[in-house]
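Me: Please take a close look at one aspect of this model, namely how its parts pack against one another.

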Amino acid sequence: MKRKSVVIPGFGLTTGVTLAILSVVVLIPLASLVVFSAQMSASEIIDVITRPRVLSSFKVSFLTAFVASLINAVMGVVLAWVLVRYTFPLKRIVDGTIELPFALPTAVAGIALTALTADTGLVGGFFANFGIKIAFTRIGITVALVFIGIPFVVRAVQPVLEKLDPAYEEAAGVLGASRTRIFWKVILPELIPAIFTGFGLAFGRCLGEYGSVVFIAGNMPFETEIAPLIIMSELQEYDYSSATTIALVMLVASFVTLFLVNVVQNRNAKILKGGS
Amino acid sequence: MSTVTQSSLHRDTKGSKIVRYSLIGLSLLFVFLMLILPLITVITEAFKQGFAVYSKAVADDYTIKAILLTLEASFFAVAINTVFGLCAAWSLTKFKFKGKKILATLIDLPVTVSPIIAGLIFLLTFGRQSPIFSLLQDADIKIVFAVPGIVLATIFVTFPFISRELIPVLESQGTDEEEAAALMGAKGFTIFRRITFPHIKWAFLYGVVLCAARAMGEFGAVSVISGHLRGKTNTLPLHVEILFNEFQYVPAFAVASILVMLAILILVARSVIEHKGRKK
């Protein structure tokens with residue numbers, strides 16, 4: 001096996017270039033974060049992250065990211081289902097539009113959603129009739145995060161749904177199960193890993209999201225201030241150690257999320273390979 | 001595929017009409033409200049005060065400078081990530097070596113890092129409190145609050161975009177063809193150009209489009225590292241932010257509309273490439 005691979009040239013060159021660029025762009029900068037935070041004492045670190053304002057920004061970040069990803073988990077499954085199982089006019093356009101949050105700069109999404117959901121906006125004006133404010137509240141943050149996260153769930157669930165063997169549904173149908181029962185008992189269990197993957201990816205992305213949120217949030221301390229924004233304002237005051245400490249917490253949170261997603265994804269890959 | 005299942009199962013897989021129509025309705029409503037309406041809003045806000053105001057905002061000196069800087073940063077991000085993506089994909093799929101899995105994980109790492117943190121790490125690496133800052137200053141190299149920093153941050157956030165598209169294609173291709181070519185005496189670059197590249201052409205283009213899209217739109221990371229110097233380190237998204245925060249809503253949306261048009265262009269290019277790639 002090993003001898004076979006050696007036949008192809010270019011191992012040294014390509015691996016060398018890969019490692020060199022990886023080091024300059026990713027490894028050294030990330031290491032500098034670790035080095036910088038290693039210079040701080042534990043009490044300093046605890047001091048920074050237990051500041052009430054920082055704690056409440058964590059709460060806002062995690063809460064809104066969680067709720068938004070939950071909404072996306074449900075809507076993502078609905079959209080994937082509709083796109084895979086049904087035919088309807090505009091289907092191709094809808095399918096393409098799902099990717100919009102990947103292509104549209106976050107800042108543009110941010111100002112557009114703000115204009116739309118402010119009291120003077122089209123959607124905001126409608127909800128204002130019922131006394132619901134969207135822009136400049138946590139609801140607004142959640143709306144922005146739903147926008148950012150939706151393609152992650154749809155694109156995770158869609159391929160699994162496409163490859164799902166219809167024989168199981170057929171069997172369940174023949175045995176007399178209703179469509180609702182088939183969905184809950186036969187289809188959904190197969191989708192769970194994919195939904196979790198999509199949820200996790202969306203959640204990870206939402207935790208760190210800045211561009212789309214900063215406009216719609218209003219950025220009120222203790223109310224609508226997210227953790228990335230606190231990092232940003234610490235940086236503007238040249239308080240690099242506080243910024244780094246908060247960044248470290250967020251980094252750990254997103255790595256843990258990614259790790260969990262990877263564990264589930266390995267299982268998911270098996271289903272994808274076996275289901276065709 | 002779907003026609004077979006539909007004819008053999010009939011009403012069973014289709015479920016009731018009410019469920020079907022309400023799910024389609026819900027999806028269309030969601031896509032319209034969350035995705036389409038924001039786009040329409042950008043365009044209508046941009047033209048709120050007529051075409052003259054719009055074109056003045058778009059043709060503004062600062063806007064032009066921001067467009068040029070955005071193009072510059074995107075160009076470098078695509079170029080570096082192309083070199084990196086091709087090398088990484090070749091190395092990871094054509095050879096077996098220790099630490100391969102770790103390498104693949106490290107390459108994917110940047111997408112999980114918050115853009116703000118991405119900016120922060122470059123600030124820490126090259127900024128004033130960095131050990132190499134004095135060296136950079138002696139050599140008269142400015143990275144932080146200057147164009148090189150913006151370029152670096154942009155490369156970071158788009159880092160795995162090209163390699164990620166290439167690796168699965170090359171992996172499924174295997175190494176037989178390259179081995180045969182190598183045994184017959186072809187040189188490395190010839191093998192790549194004649195054998196490998198035709199297979200990955202569409203995946204590569206797809207990756208380039210994704211990379212360019214993200215690079216043009218990057219906001220958080222660039223925002224941290226740029227220092228917001230108008231006309232100097234202001235990219236298009238940052239220019240939108242400045243205008244918006246100065247309550248210049250019409251110019252802000254006018255500049256944003258350029259980015260919206262680019263986004264739509266990218267989506268169209270994406271689906272064309274995906275379609276062509278699938279046909280193959």
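Reply: An axis is a line fitted to C-alpha atoms, for helices over the stretch in contact, and angles run from 0 to 180 degrees between N-to-C directions. The model is predicted, with local features needing pLDDT of at least 70 and side-chain atom pairs pLDDT 80 or more, while totals for chains, interfaces and linings use all residues. Residues are numbered from 1 along each chain as its sequence is written, chains are lettered from A and ligands numbered from 1 in the order in which they are written, and side-chain values use heavy atoms, without hydrogens and water.

Between the chains, helix α4 of chain A (residues 52–85) packs with helix α3 of chain B (residues 17–46): their axes come within 9 Å and cross at roughly 120 degrees. Helices are DSSP runs of H or I with at least four residues, strands are E runs of at least two, and both are numbered from the N terminus. The crossing of α4(A) and α3(B) is left-handed (the near helix is turned anticlockwise from the far one by less than a right angle; clockwise would be right-handed). On the α4(A) side the contact (heavy atoms within 4.5 Å) involves Asn72(A), Met75(A), Val78(A), Leu79(A), Trp81(A) and Val82(A), and on the α3(B) side Leu23(B), Ile24(B), Leu26(B), Ser27(B), Phe30(B) and Val31(B). By class, this contact of α4(A) with α3(B) has 10 nonpolar, two polar and no charged residues (Ala, Val, Leu, Ile, Met, Phe, Trp, Tyr, Cys and Pro are nonpolar, Asp, Glu, Lys and Arg charged, and the others, Gly among them, polar).

Within chain B, the axes of α5(B) (residues 61–94) and α9(B) (residues 147–157) come within 9 Å and cross at roughly 50 degrees. The two helices α5(B) and α9(B) are therefore oblique to each other (under 35 degrees is roughly parallel, over 145 roughly antiparallel, 65 to 115 roughly perpendicular, the rest oblique). Their crossing, α5(B) with α9(B), is right-handed. From α5(B), residues including Phe76(B) and Ile80(B) meet residues of α9(B) including Ile150(B) and Thr154(B). The α5(B) contact with α9(B) comprises nine nonpolar, two polar and one charged residues.

Towards the end of chain B, the axes of α14(B) (residues 236–245) and α15(B) (residues 249–279) come within 8 Å and cross at roughly 160 degrees. Helices α14(B) and α15(B) are therefore roughly antiparallel to each other, and α14(B) passes α15(B) in a left-handed crossing. Among the contacting residues are Leu243(B) and Phe244(B) of α14(B) and Phe253(B) and Leu259(B) of α15(B). This contact of α14(B) with α15(B) has 13 nonpolar, one polar and no charged residues.

Turning to domains, an automatic or database assignment sets the bounds. Chain B is divided into domain 1 (1–46) and domain 2 (50–279), with their C-alpha centres 33 Å apart. Five residues from domain 1 of chain B and eight from domain 2 of chain B form the contact. The area buried between these domains of chain B (accessible area, 1.4 Å probe, lost on being put together and summed over both) is about 600 Å², with 82% from carbon and sulfur atoms. Val42(B), Glu45(B) and Ala46(B) supply 71% of what domain 1 of chain B buries against domain 2 of chain B, more than any other three residues.

Chain A has 14 helices and zero strands, and is assigned domain 1 (1–39) and domain 2 (41–274). The C-alpha centres of these chain A domains lie 31 Å apart, and the contact takes five residues from domain 1 of chain A and seven from domain 2 of chain A. About 510 Å² is buried between domain 1 and domain 2 of chain A, of which carbon and sulfur atoms give 82%. In domain 1 of chain A, Leu33(A), Phe36(A) and Ser37(A) lose the most area to domain 2 of chain A, together 79% of what that side buries.

Note on methods: Buried area = accessible area lost by both parts, 1.4 Å probe.
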